[in-house]
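Please read these points alongside the model. They begin with the ligand site and then turn to the chain and a few single residues.

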Amino acid sequence: MSTDVEQFKIHDEPFYRPQRGEIDLYRAAYQERLPVMIKGPTGCGKSRFVEYMAWSLGRPLITVACNEDMTASDLVGRYLLDANGTRWVDGPLTTAARIGAICYLDEIVEARQDTTVVIHPLTDHRRALPLDKKGELVKAHPDFQLVISYNPGYQSLMKDLKQSTKQRFCGLDFDYPEKDLEIAVVAKEGGCDEAVAAKLVHIGEIARNLKGHGLDEGISTRLLIYAARLIAQDIAPDAACRMALVAPISDDADIRATLYHAIETVF
Ligand code: ADP
């Protein structure tokens, strides 16, 4: 059965503001078909960047949100039973390898290590994916590329990529956009004016300084955009900030009090 490639194409230019040379670096890696690991905290623009690059390179994009229950079959494919008997269905990784898509495995650390190893033969000179259950070796399309995202904050001894997996990728370090850029992004994506965006970004900065002092992770650009969108719906700024910037990230009374105080001071 042939795959409709068009469904994976990105037709409209995604809004993406470059940070520091990552577009040229990624493009060079793609020209060499090198696997790329994008490292950075959640909600800082990694997925948007991959969408932008897929659009810019004119490649289809297949994204997989990884989780700990994911098995190798979820990536590679499996036999399904239907009225006519059994039928093989490709998983997203196999589809991407066949059609020459960019395959983006989001939060790869969430997947178990026995799942992660299925990507190995696609990431070295073999560029092939063995479908053991089907008895087929899929040779990757020349345009296929593998990209993974990785949040360094989450890793623990139990949950980390093996060196044998890490060392198959080049890495791009991402972080929250620098101040002026983040203000522009929050204003554009959140539909608020730059003055409001600047205040939200300032609260973000304060919260990010609490990382390691009671907060595991700072407030993401994504959450700042949520706050802006609530404000755009005529929600009072302090209520919007409490809902979007405080409630999701901490249950600790002291941290919440600190953040509430910051919101009151800024707005
Ligand atoms: P991640 O994949 O890192 O968890 P996303 O790519 O989903 O995060 O980004 C979260 C939000 O931040 C998106 O709405 C995106 O618009 C915005 N964003 C962050 N950085 C940028 C940027 N440089 N240009 C445009 N949007 C950005």
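**Notes on the ligand site and the chain**

1. The shell around the ligand comprises seven nonpolar, five polar and five charged residues. In this classification Ala, Val, Leu, Ile, Met, Phe, Trp, Tyr, Cys and Pro are nonpolar, Asp, Glu, Lys and Arg are charged, and the others, Gly among them, are polar. The model is predicted: local features need pLDDT of at least 70, side-chain atom pairs count only at pLDDT 80 or more, and totals for chains, interfaces and linings use all residues. Residues are numbered from 1 along each chain as its sequence is written, and side-chain values use heavy atoms, with hydrogens and water left out.

2. Which residues come nearest to the ligand? Of the 17 residues around the ligand, they are Arg-17, Gly-43, Ser-47, Arg-48 and Glu-189. A residue counts as near if one of its heavy atoms lies within 4 Å of the molecule. Helix 2 (46-57), helix 7 (179-190) and helix 9 (221-232) each supply at least two residues of this shell. Helices here are DSSP runs (H or I, at least four residues), as are strands (E, at least two), numbered from the N terminus.

3. Polar contacts are pairs of N or O atoms within 3.5 Å; within protein, one must be able to donate a hydrogen and the other to accept it, and residues adjacent in sequence count only if both atoms are side-chain atoms. A polar side-chain atom of Glu-189 is 2.7 Å from a ligand oxygen. The side chain of Lys-46 places an N or O atom 2.9 Å from an oxygen of the ligand, and a polar backbone atom of Gly-45 is 3.1 Å from a ligand oxygen. The ligand taken alone exposes 560 Å², of which the protein buries 91%; these areas come from the Shrake-Rupley method with a 1.4 Å probe.

4. The protein chain has 11 helices and nine strands. Its C-alpha atoms fill a box of roughly 65 × 40 × 40 Å along the principal axes. Of its 267 residues, 47% are buried (under 20% relative accessible area; exposed is over 50%, partly exposed in between, with a 1.4 Å probe and protein chains only).

5. Is Ile-62 buried or exposed? Ile-62, in strand 2 (residues 61-65), is buried, at 5% relative accessible area. Its C-alpha atom is 6.8 Å from that of Pro-92, 30 residues apart along the chain. Ala-111, in the loop between strand 5 (102-106) and helix 5, is also buried, at 8%.

6. Two residues other than glycine deserve a look at their backbone angles. Arg-127 has a positive phi of about 40° and belongs to the loop between helix 5 (113-116) and strand 6 (128-131). Asp-234 has a positive phi near 70°; Asp-234 is in the loop between helix 9 and helix 10 (237-246) and is exposed, with 72% relative accessible area.

7. Asp-12 precedes helix 1 (22-31) and counts as exposed at 63% relative accessibility.
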